Amino acid sequence: MNIVLLNGSPRAAGNTAEALKMLAEALPAGSKIDTVNIASLKIGACKSCFACKQNGGTCVQKDDCGELLDKIIAADALVFASPVYFMGITAQLKAVIDRFFAKVDQLKAKQKKVAVIAIGGTPPPAAQYEAIAGHIQAICAYLGWQYCGGYCTGSFQGDQNKTAEAKKEIATLAARL
Ligand SMILES: Cc1cc2nc3c(=O)[nH]c(=O)nc-3n(C[C@H](O)[C@H](O)[C@H](O)COP(=O)(O)O)c2cc1C
């Protein structure tokens, strides 16, 4: 299975990265796992020029997003992971999602299993986690992908009890992918 893990955090070694490391460790042996730190890439926000709709799906922006979209299109499973920023996902992850606009047909063409990881400062339950999971579920419904669930929590790094609990819950999520 070819799995792409999208980390929307600007902190390469933060909570989101730690959660994705746990997920990668829990995925079946032999999975091809590609963890992408979006913040390390050059990805522009969609300009709404609609050129991609006239030219068969090529964005006018010559940045790193084309290669990333090819990886996402080819994936069997996709994980959207983000810290909570003002009740939603980060701008970095949203920029990638908005760039799906150019490749909707290709994205719809291949079935995918999808999960979401959202880590805030506030522990759940909280409306922000419902909002983020709801956003990813709506994307799955639109693209015909299978939503497999999510893992949402308040920050846990450095807290041994919370980290152990996170490991268990993330392993359960990994088993659904
Ligand atoms: C700009 C900004 C906005 C934030 N907004 C929220 C928020 O709305 N709700 C929340 O629970 N935490 C919020 N946080 C806290 C982060 O989500 C939290 O520290 C997270 O664990 C950071 O993840 P990371 O280590 O992967 O970057 C915010 C942090 C920043 C920097």
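This note goes through the sheet, the helices, the core, the ligand shell and a few single residues of a predicted model.

1. Basis. In this predicted model, local features need pLDDT of at least 70 and side-chain atom pairs count only at pLDDT 80 or more, while totals for chains, interfaces and linings use all residues. Residues are numbered from 1 along each chain as its sequence is written.

2. Sheet. Five strands, in the order β2-β1-β3-β4-β5, make up an open sheet with parallel pairing. At its edges are β2 (32-37) and β5 (146-154), each of which pairs on one side only. From one strand to the next the twist averages 15 degrees. Strands (E, at least two residues) and helices (H or I, at least four) are DSSP runs, numbered from the N terminus; two strands pair if DSSP finds at least two bridges between them.

3. Strands β1 and β3. These strands, residues 2-7 and residues 77-83, run parallel and are joined by five bridges. Leu6 stands opposite Phe80 in β3.

4. Helices on the sheet. Helix α3 (residues 65-74) lies across β1, β2 and β3 and runs at about 135 degrees to β1. Helix α6 (residues 127-143) also packs on the sheet, where it touches β3, β4 (113-120) and β5; the direction of α6 makes about 160 degrees with that of β4. The axes are lines fitted to C-alpha atoms, for helices over the stretch in contact, and angles run from 0 to 180 degrees between N-to-C directions. Contact between two residues is taken as C-beta atoms, placed from the backbone, within 7 Å.

5. Core. The largest nonpolar core holds 43 residues, and those with the most contacts inside it are Leu5, Leu6, Ala19, Leu23, Val79 and Ile117. Strand β4 gives the largest share of this core, six residues. Such a core is a set of buried Ala, Val, Leu, Ile, Met, Phe, Trp, Tyr and Cys residues joined through C-beta atoms within 7 Å. Apart from neighbours within four places in sequence, the contacts of Leu6 are Val36, Ile38, Val79, Phe80, Ala81, Leu93 and Val96.

6. Ligand shell. The ligand is surrounded by 16 residues, the closest being Ser9, Gly14, Thr16, Pro83 and Gly120; a residue is near a molecule if its C-beta atom, placed from the backbone, lies within 6 Å of it. Both α1 (15-26) and β4 give two or more residues to this shell. By type, the shell divides into six nonpolar, nine polar and one charged. Here Ala, Val, Leu, Ile, Met, Phe, Trp, Tyr, Cys and Pro count as nonpolar, Asp, Glu, Lys and Arg as charged, and the others, Gly among them, as polar.

7. Ala75. This residue lies in the loop between α3 and β3. Ala75 counts as buried because it has 21 C-beta neighbours inside 10 Å; the cut-offs are 20 or more other C-beta atoms within 10 Å for buried, 12 or fewer for exposed, and in between for partly exposed, with C-beta atoms placed from the backbone. Beyond neighbours within four places in sequence, Ala75 is in contact with Asn2, Ile3, Val4 and Lys112.

8. Backbone points to check. Most residues other than glycine have a negative phi, and most peptide bonds are trans. The peptide bond from Pro124 to Pro125 is cis, with omega near 5 degrees, and Pro125 is in the loop between β4 and α6. Phe86 has a positive phi, near 45 degrees, and Met87 has one of about 75 degrees. Phe86 counts as exposed, with 8 C-beta neighbours inside 10 Å, and Met87 is partly exposed, with 14 other C-beta atoms within 10 Å.
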